[in-house]
Amino acid sequence: GEMDRPLVTVFVPCYNAGRFISETIDSVLTQTYRNFELLIIDDGSADNSREIIEAYAARDERIHIYYNECNRGVAYTRNRGIEEAQGKYLAVMDADDIATPDRLEKEVRYLEAHPSVGAVSGCLYKIDECGRRTGKSGRTAYGAQDVKAHMFFENVMIHSASMYRLDIVRKYKVRYPDDYHGIEDYMFWCRLLDYTDVVVLGEYFVSYRIVNTGLSVTNRRSCNAERIRCKDE
């Protein structure tokens, strides 16, 4: 039956996400795969995020909410998610992304069938602030060796489209570093790759919202500098 299938933790860090988080939560609650918990960690939001997530949690006991006592940042919050998660697998989403309906089902099916693979990612659609589709990533599948080869030059793992095995992440204490701003996820994958295979499926798992804050260009520049720094490392 449904509950014999492995428990998935869908983990959403939330910081001032009141504009979009309802759509994110709805996309999780309507998944074809039903055996999940939705773990939300609020990182000191100052908007109406808390009211929204608490209203959902009151209606659905699969939703578990934790609060950071103040704003602790993305790396701290993601690492706390690894600690609090109860599932066999952890599916990552951001609080303005929308999961495709069969995302969890496809990712679990792949990981269950490939025990040597520790993490799986996929492709993304790009959407704007109004939810309109503005583009998409290339539909490229990368096997384990391809991922290793590419990761030296670029991050081929779309974090918001990914799912990983919690036991392996915990066993080797793979965490998000808080001293690599903007590329915490890239560093996380690079560390995980020391211990397990990671693959990218040629399927669309998430609609990724690009909100134009004017910061993206500056961020891209500093991310490239950070990436060069961690390659040296």
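Analyst: Let's start with accessibility: a residue is buried under 20% relative accessible area, exposed over 50%, and partly exposed in between (1.4 Å probe, protein chains only). Before we use that, note that this is a predicted model, where local features need pLDDT of at least 70 and side-chain atom pairs count only at pLDDT 80 or more, while totals for chains, interfaces and linings use all residues. Residues are numbered from 1 along each chain as its sequence is written, and side-chain values use heavy atoms, with hydrogens and water left out.

User: OK, salt bridges. How many does the structure hold?

Analyst: The general idea is that side chains of opposite charge can pair when their charged atoms come close. The cut-off here is a side-chain nitrogen of Lys or Arg within 4 Å of a carboxyl oxygen of Asp or Glu. By that rule, the structure has 14 salt bridges.

User: Take Glu 107 and Arg 103. How many residues apart are they in helix H4?

Analyst: First, the naming: helices (H or I, at least four residues) and strands (E, at least two) are DSSP runs, numbered from the N terminus. Glu 107 and Arg 103 sit four residues apart in H4 (residues 103–113), which means about one helical turn separates them. Their side chains form a salt bridge at 3.1 Å, N to O. Glu 107 is buried at 0% relative accessibility, and Arg 103 is buried too, at 1%.

User: And which residue forms a salt bridge with Lys 106?

Analyst: That's Glu 203, with the closest N and O atoms 2.8 Å apart. Lys 106 is in helix H4 and Glu 203 in strand E9 (residues 197–209), so this pair ties together parts 97 residues apart in sequence. Lys 106 is partly exposed at 25%, and Glu 203 also counts as partly exposed, at 25% relative accessibility. Asp 102 joins in as well: Asp 102, Lys 106 and Glu 203 are linked in a network of salt bridges.

User: Which residue meets the side chain of Asp 197 in a salt bridge?

Analyst: Lys 148 does, at 3.3 Å, N to O. Asp 197 belongs to E9 and Lys 148 to helix H5 (residues 144–151), so the pair ties together parts 49 residues apart in sequence. Both partners are partly exposed: Asp 197 at 25% and Lys 148 at 35%.

User: E9 keeps coming up. Do E5 and E9 pair in the parallel or the antiparallel sense?

Analyst: Two strands pair if DSSP finds at least two bridges between them. E5 (residues 98–99) pairs with E9 in the antiparallel sense, over two bridges, and Ala 99 stands opposite Val 206. E6 (residues 117–127) pairs with E9 in the parallel sense, over nine bridges; there, Ala 119 has Val 198 as its bridge partner.

User: Last one: what does the disulfide count come to?

Analyst: A disulfide is a covalent bond between the sulfur atoms of two cysteines. With the cut-off set at a pair of cysteine sulfur atoms within 2.5 Å, the count is zero. As for individual cysteines, Cys 14 is buried at 1%, whereas Cys 130 is exposed at 59%.
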